[in-house]
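This report is written for a reader who is meeting this structure for the first time. Please look at the sequence and the structure below before reading on.

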Amino acid sequence: MTQANDDPNLAVLFLMAARALGDELHRQLDETIYSDTRPAHGFTFQLLAPNGATINEIAEHLGVTKQAASQMVEFLEQHGYVSRQPHPVDKRNKLVLLTDKGWGCTNTVANILNKLEQQWSDLLGSERLEIMRSDLSRLILETNEGKWPSKLRPSW
């Protein structure tokens, strides 16, 4: 996993940084009324905002079975984060939408991430953080045919 000189390679550093950010996000989220959420829920919320999605779309987005997506939606519905509404086009499907509580959680996560990003800026300096953001954006776009990936999902 590490190079001969024991310095982690770039892929490991990216994963460690993302893990540190995610762990701190959920540590802080656990101190709020949203302590019953898990990282996979956040990936689902990203898909649902702003127009909702079907169970099939959630399953595809997360890379899980329809049954697993249904179980997650059932949990989120029971805890007040989502509701199921009739689909406006496909009457055989339901549209899963964020509720006020779901939007509140999403906004709380955004606020926590802004604070964490400010901490990183304080640590590295705002100029270096912006250079890193620009470089990472360029790498992502260059390796994805000039587009942002349409799916952001957990690594199972």
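## Arg84 and its surroundings

Apart from residues within four places in sequence, Arg84 is in contact with Ser70, Val73, Glu74, Glu77, Lys94, Leu95 and Val96. This is a predicted model, and in it Arg84 lies in strand S1, where its relative accessible area of 30% makes it partly exposed.

Two of the contact partners can be described further. The side chain of Arg84 is joined to that of Glu77 by a polar contact of 3.0 Å, while the C-alpha atoms of Arg84 and Val96 are separated by 4.6 Å, although these residues stand 12 places apart along the chain.

## Overall layout

The protein chain contains six helices and two strands, and from the N terminus its elements follow the order α-α-α-α-β-β-α-α. The C-alpha trace spans about 55 × 35 × 30 Å along its principal axes, and 28% of the 156 residues count as buried.

Among contacts between residues at least 6 apart in sequence, 49% join residues that are at least 24 apart. The accessible surface of the chain comes to about 10,700 Å², and carbon and sulfur atoms account for 55% of this area.

In soluble globular proteins, nonpolar side chains tend to be buried together. Here the largest nonpolar core has 24 residues, of which Leu48, Ile58, Tyr81, Val82 and Val96 touch the most other members. At least two residues of this core come from each of H1, helix H2 (39-48), helix H3 (55-62), helix H4 (66-78), strand S2 (94-98) and H5.

Val82, leaving out residues up to four places away in sequence, touches Leu48, Val73, Leu76, Glu77, Val96, Leu97, Leu98 and Thr99. In H2, the buried residues are Ala40, His41, Phe43, Thr44, Phe45 and Leu48, and the buried residues of this helix pack against H3, H4, strand S1 (82-86), S2 and H5.

Helix H1 covers residues 10-29 and includes His26, which counts as buried because its relative accessibility is 18%, under the 20% limit. Beyond its neighbours within four places in sequence, His26 is in contact with Thr37, Arg38 and Pro39.

Arg19 and Asp23 are both in helix H1, four residues apart, about one turn of the helix, and they form a salt bridge whose closest N and O atoms are 2.9 Å apart. Arg19 is exposed, at 56% relative accessible area, whereas Asp23 is partly exposed, at 41%. Another salt bridge, of 2.7 Å from N to O, brings together the side chains of Arg27 and Glu31, and a network of salt bridges links Glu24, Arg27 and Glu31.

Seven salt bridges are found in the whole structure, and one of them joins the side chains of Glu117 and Arg133 at 2.2 Å, N to O. This pair links distant parts of the chain, with Glu117 in helix H5 and Arg133 in helix H6, 16 residues apart. Glu117 is partly exposed at 35% relative accessibility, and Arg133 is likewise partly exposed at 35%.

The surface also carries a nonpolar patch of about 1,000 Å², whose members include Leu10, Leu13, Phe14, Met16, Leu123, Leu124 and Trp148. H1, helix H5 (100-124) and helix H6 (126-142) each supply at least two residues of this patch, and Met16 is found in helix H1.

How values were computed. Residues are numbered from 1 along each chain as its sequence is written. This is a predicted model: local features need pLDDT of at least 70, side-chain atom pairs count only at pLDDT 80 or more; totals for chains, interfaces and linings use all residues. Side-chain values use heavy atoms; hydrogens and water are left out. Buried means under 20% relative accessible area, exposed over 50%, partly exposed in between (1.4 Å probe, protein chains only). Contact means heavy atoms within 4.5 Å. Patches are made of residues with over 30% relative accessible area and no salt bridge: like charges are joined within 9 Å, nonpolar side chains (Val, Leu, Ile, Met, Phe, Trp, Tyr) within 5 Å. Accessible areas come from the Shrake-Rupley method with a 1.4 Å probe; for residues, only the protein chains shown count as cover. A salt bridge is a side-chain nitrogen of Lys or Arg within 4 Å of a carboxyl oxygen of Asp or Glu. A nonpolar core is a set of buried Ala, Val, Leu, Ile, Met, Phe, Trp, Tyr and Cys residues joined through side-chain atoms within 4.5 Å. A polar contact is a pair of N or O atoms within 3.5 Å; within protein, one must be able to donate a hydrogen and the other to accept it, and residues adjacent in sequence count only if both atoms are side-chain atoms.
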